Structures are given as structure tokens and as C-alpha cells.
Amino acid sequence: MKIIRFAAEGGVHLGREHADGRVTRLDGELFGTLHDTGVEVRVGKRLAPLEPRDILCIGLNYRRHAAESHAAPPAHPVLF
């Protein structure tokens, strides 16, 4: 089952995208039980699959990488 997250009808919903492009609304929790209601919906805008949408990375997170970058290992993690 291909699950999508989308905005429509004044809210954010989960839906099942079918092979023919139709989308039916799902009830339940993404990491719990989902039930296909069979109600066809019109997708307003596709959203990121999960919240939060941000991805945090740590730069220079090992000594060798710092050496390759000609940088001193940081005293505290560098997030980007």
C-alpha cells in the first residue's frame, strides 16, 4: 500500500494512493493501525511524509573527516 500525507478539505490527512492515481482516505495512525475508508478524496497538496520535515546532520563528526577538511575537530557538535 502506498501511503501519502496531504492537505485537503481544511486539514491534513493520510491517504492510500492506488495504481490508477485515485486516493482514498485512511483512518488511524501512521505507525499504528490504518483503515482504508474507501472514500475517494481529492488531494489538495502533497506534504512531506512525516513531521517534522527537518533533517539535522552533524558536521565533522569524526576525526578523519576533520583532517580531510583541514579543520580542527570542533569542541561541540556542528549541526546543519
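A salt bridge is a side-chain nitrogen of Lys or Arg within 4 Å of a carboxyl oxygen of Asp or Glu. By this rule, the structure contains six salt bridges. This is a predicted model, in which local features need pLDDT of at least 70, side-chain atom pairs count only at pLDDT 80 or more, and totals for chains, interfaces and linings use all residues. Residues are numbered from 1 along each chain as its sequence is written, and side-chain values use heavy atoms, with hydrogens and water left out.

**Salt bridges between strands**

- Lys-2 and Glu-17 form a salt bridge at 3.1 Å, N to O.
- This pair links distant parts of the chain, 15 residues apart: Lys-2 is in strand E1 (residues 2-8) and Glu-17 in strand E2 (residues 11-17); strands (E, at least two residues) are DSSP runs, numbered from the N terminus.
- Lys-2, Glu-17 and Arg-46 are linked in a network of salt bridges.
- Arg-16 pairs with Asp-36 in a salt bridge, with the closest N and O atoms 3.5 Å apart.
- Here Arg-16 in strand E2 is joined to Asp-36 in strand E4 (residues 34-40), 20 residues apart.

**Exposure of the paired residues**

- Glu-17 is buried, at 17% relative accessibility; buried means under 20% relative accessible area, exposed over 50%, and partly exposed in between (1.4 Å probe, protein chains only).
- Arg-16 is partly exposed at 30%, and Asp-36 is partly exposed at 24%.

**A further salt bridge**

- Asp-20 and Arg-22 form a salt bridge, their closest N and O atoms being 2.9 Å apart.
- Asp-20 is exposed at 55% relative accessibility, whereas Arg-22 is partly exposed at 33%.

Key. Helices (H or I, at least four residues) and strands (E, at least two) are DSSP runs, numbered from the N terminus.
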